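I opened this entry to keep track of what I looked up, one topic at a time. The structure comes first, then the notes.

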Amino acid sequence: MEANLGNGEEVRLSGNVPVLGNNDPNRAIKMVSTRLDYPNWVTKEGIFLPGDADVVKYRYCVFSGGKFLRWEGEHFRPLRPHRTESTVMSTHDIFGNFGDGRRSSDVDDATDASRLPGQSHGHGA
């Protein structure tokens, strides 16, 4: 996941399944970056998505000082996990760019935390 953020801000991954916090930003998965890797963010470990989920919907959120600041936008990103145990998927997302012409800046009040509808590494994430 590529995200240029402000000083002290961090990216977290949230989604519609329990392992991604059930769309609760306070239960989202922390992502990390280093000086050498910035602005690229990754999860520390793989994320194992439920095999029974037809579509996992995820999006990213920004925290600072341990507090939720904003969603990347109103839209969710879809991920269709494969039904095999050995499948590992990976994504390379750009924060605020949904790949279909939608950008987070196209959404009114994208920082409204009451609108709870995220690099995900698919089934073996």
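Is Y60 buried or exposed? I looked up Y60 and found a relative accessibility of 0%, so Y60 counts as buried. I note here that the model is a predicted one.

**Cores**

I then looked for the nonpolar core around that residue. The largest nonpolar core has 18 residues, and Y60 is among those with the most contacts inside it, together with M1, V11, L13 and L20. Three strands, β1 (9-15), β2 (29-32) and β4 (56-64), each supply at least two residues of this core. As background, nonpolar side chains tend to be buried together in soluble globular proteins.

**Strand pairing**

I went through the strand pairs next. β1 and β2 pair in the antiparallel sense over two bridges. R12 has K30 in β2 as its bridge partner. β2 also pairs with β3, again in the antiparallel sense and over two bridges. There, M31 has T43 in β3 as its bridge partner.

Which residues of β2 are on its covered face? I found I29 and M31 on the covered face, and K30 and V32 on the uncovered one. For reference, side chains in a regular strand alternate between the two faces of the sheet.

Where is the cis peptide bond? It joins Y38 and P39, with omega about 20°. P39 belongs to the loop between β2 and β3 (42-43).

I found a positive phi at N22, about 50°, although N22 is not a glycine. N23 has a positive phi too, of about 65°, and is not a glycine either. N22 is in the loop between β1 and β2, and N23 lies in the loop between β1 and β2 as well. I looked up accessibility for both. N22 counts as partly exposed, because its relative accessibility is 38%. N23 has a relative accessible area of 15% and is therefore buried, the cut-off being under 20%.

**Two positions in β1**

I looked up E9, which is in strand β1. E9 has 19% relative accessibility, so it counts as buried, with under 20% as the cut-off. The side chain of E9 reaches the backbone nitrogen of G6 at 2.8 Å. Not counting residues up to four places away in sequence, I listed W41, V62, F63, S64, L69 and R70 as the residues E9 touches.

G15 also lies in strand β1. Its relative accessible area is 0%, so G15 is buried. Leaving aside neighbours within four places in sequence, G15 is in contact with L20, G21, N22, N23, K57 and Y58. I also checked the separation between G15 and P78: they are 63 residues apart in sequence and 9.6 Å apart in space, C-alpha to C-alpha.

**Aromatic rings**

How many aromatic pairs are there? I counted four aromatic pairs. The rings of Y38 and W41 have centres 6.2 Å apart and planes at 75°, so I recorded the pair as edge-to-face. Y38 is partly exposed, because its relative accessible area is 35%. W41, at 7% relative accessibility, counts as buried.

Y58 and Y60 have ring centres 5.9 Å apart and planes at 90°, so this pair is edge-to-face. Y58 counts as buried because its relative accessibility is 3%. I also noted a cluster of F63, F68 and W71 linked by ring pairs.

**Charges over rings**

Last, I looked for charged ends sitting over rings. The charged end of R12 sits over the ring of F63, 3.7 Å from its centre. R59 has its charged end over the ring of F76, 4.8 Å from the ring centre.

Definitions and conventions: Residues numbered from 1 in each chain as written. Predicted model: local features only at pLDDT ≥ 70, side-chain atom pairs only at ≥ 80, totals over all residues. Heavy atoms only, no water. Core = buried A, V, L, I, M, F, W, Y, C linked by side-chain atoms within 4.5 Å. Buried < 20%, exposed > 50% of the residue type's maximum accessible area, 1.4 Å probe, protein only. Helix = DSSP H or I, 4+ residues; strand = E, 2+ residues; numbered from the N terminus. Pairing = 2+ DSSP bridges. Polar contact = N/O pair within 3.5 Å; in protein donor to acceptor, adjacent residues only side chain to side chain. Contact = heavy atoms within 4.5 Å. Phe/Tyr/Trp six-rings, centres within 6.5 Å; stacked < 30°, edge-to-face > 60°. Lys NZ or Arg CZ within 6 Å of the ring centre and 35° of its normal.
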